[in-house]
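Trainee: Please take me through the sheet and the ring contacts of this model, one point at a time.

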Amino acid sequence: MKHYIGADNPMRAQFDPKAGYEATHFSWSFKDGVGTVTLNRPERKNPLTFDSYAELRDLFRALYFATDVKAIVVVGAGGNFCSGGDVHEIIGPLTKMRMPELLEFTRMTGDLVKAIRHCPQPIVGAIDGVCAGAGAMIALACDIRYGTPGTKTAFLFTRVGLAGADMGACALLPRVIGQGRASELLFTGRAMNAQEGLAWGFFNALHESDGLLDAATAMARELAQGPTFAHGMTKTMLSQEWAMTIDQAIEAEAQAQAICMQTEDFKRAFEAFAAKRKPVFEGD
């Protein structure tokens, strides 16, 4: 979680709002506190390359310090989310690499998921059409996921002779949809259809394709207008409490909430309630 760093703060230069960031291997836009990552190779269903993996990892790491960015949307161009690693640009070269090089690659892909999960901003995935392999893992790493009736999500690593244990799938997916359902998808590599995804809790909601990005952006803007320091605390605790006992979690939340009670946003909320008006949060 991060406090907003105001213009008069001497550390301001260290907390780049990323408004002027220009991505090379995908597109980035920033408006009203919301940053949007668009995977934009629509002619091939937005596959990832070695370069796009690395650039996405580095962007999400940098967003940890970008206090002007208060929420993030991840979307794919052209009616699909992401088809996973590019068969010709990634899988082909991997078959010729030795173990140390392969481990560098698999660690890099895992580092992307870690960067998304460690990013304090809430992340909303707008997931249409094909969502497969590494693309499914990016979607899974998002905090909130919206799909469409035509979305098909496949953790298809086994289809290329690999384990379903990739980029944290065996840890994340069972926590979202349950152990048995996750086991089936990871063993078979079959596509989970949109209705299954909604019923199983993978998707928060389904929207028609032409309204998907608007719905995701509206949610991101709503979150961006909220108490963003507290949102960052919520995301941190959702992650950390996986490894805690109930007693440990209750104590951790007591400490987390006491910290949030010291923020100006907490005072603003009380003052707004007393004045019977909507609070305007500033993230500090």
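Mentor: Two strands pair if DSSP finds at least two bridges between them, strands (E, at least two residues) and helices (H or I, at least four) being DSSP runs numbered from the N terminus. This is a predicted model, in which local features need pLDDT of at least 70, side-chain atom pairs count only at pLDDT 80 or more, and totals for chains, interfaces and linings use all residues. Residues are numbered from 1 along each chain as its sequence is written, and side-chain values use heavy atoms, with hydrogens and water left out.

Trainee: Which residue in E7 stands opposite Cys131?

Mentor: E5 and strand E7 (residues 152–154) run parallel and are joined by three bridges. Opposite Cys131 stands a residue of E7, namely Thr153.

Trainee: Which are the edge strands?

Mentor: The open sheet has three strands with mixed pairing, in the order E5-E7-E8. Pairing on one side only marks the edge strands, which are E5 (130–132) and E8 (191–193).

Trainee: What angle does the direction of helix H4 make with that of E5?

Mentor: From one strand to the next, the twist averages 20°. Helix H4 (residues 134–141) packs on the sheet and touches E5 and E7, contact meaning heavy atoms within 4.5 Å. Axes are lines fitted to C-alpha atoms, for helices over the stretch in contact, and angles run from 0 to 180 degrees between N-to-C directions. Between H4 and E5 the angle is about 90°.

Trainee: Why is the pair of Tyr21 and Trp28 classed as it is?

Mentor: The whole structure holds six aromatic pairs. Rings of Phe, Tyr and Trp (its six-membered ring) pair if their centres lie within 6.5 Å; planes under 30 degrees apart count as stacked, over 60 as edge-to-face and the rest as tilted. The centres of Tyr21 and Trp28 are 6.4 Å apart and their planes stand at 75°, so this pair is edge-to-face.

Trainee: How many residues apart in sequence are the parts tied together by Phe50 and Phe105?

Mentor: Phe50 and Phe105 are also edge-to-face, at 5.5 Å centre to centre and 80° between the planes. Because Phe50 lies in helix H1 (residues 50–62) and Phe105 in helix H3 (residues 99–118), the separation in sequence is 55 residues.

Trainee: Is Phe105 buried or exposed?

Mentor: Buried means under 20% relative accessible area, exposed over 50%, and partly exposed in between (1.4 Å probe, protein chains only). Phe50, at 25%, is partly exposed. Phe105 has a relative accessible area of 12% and is therefore buried.
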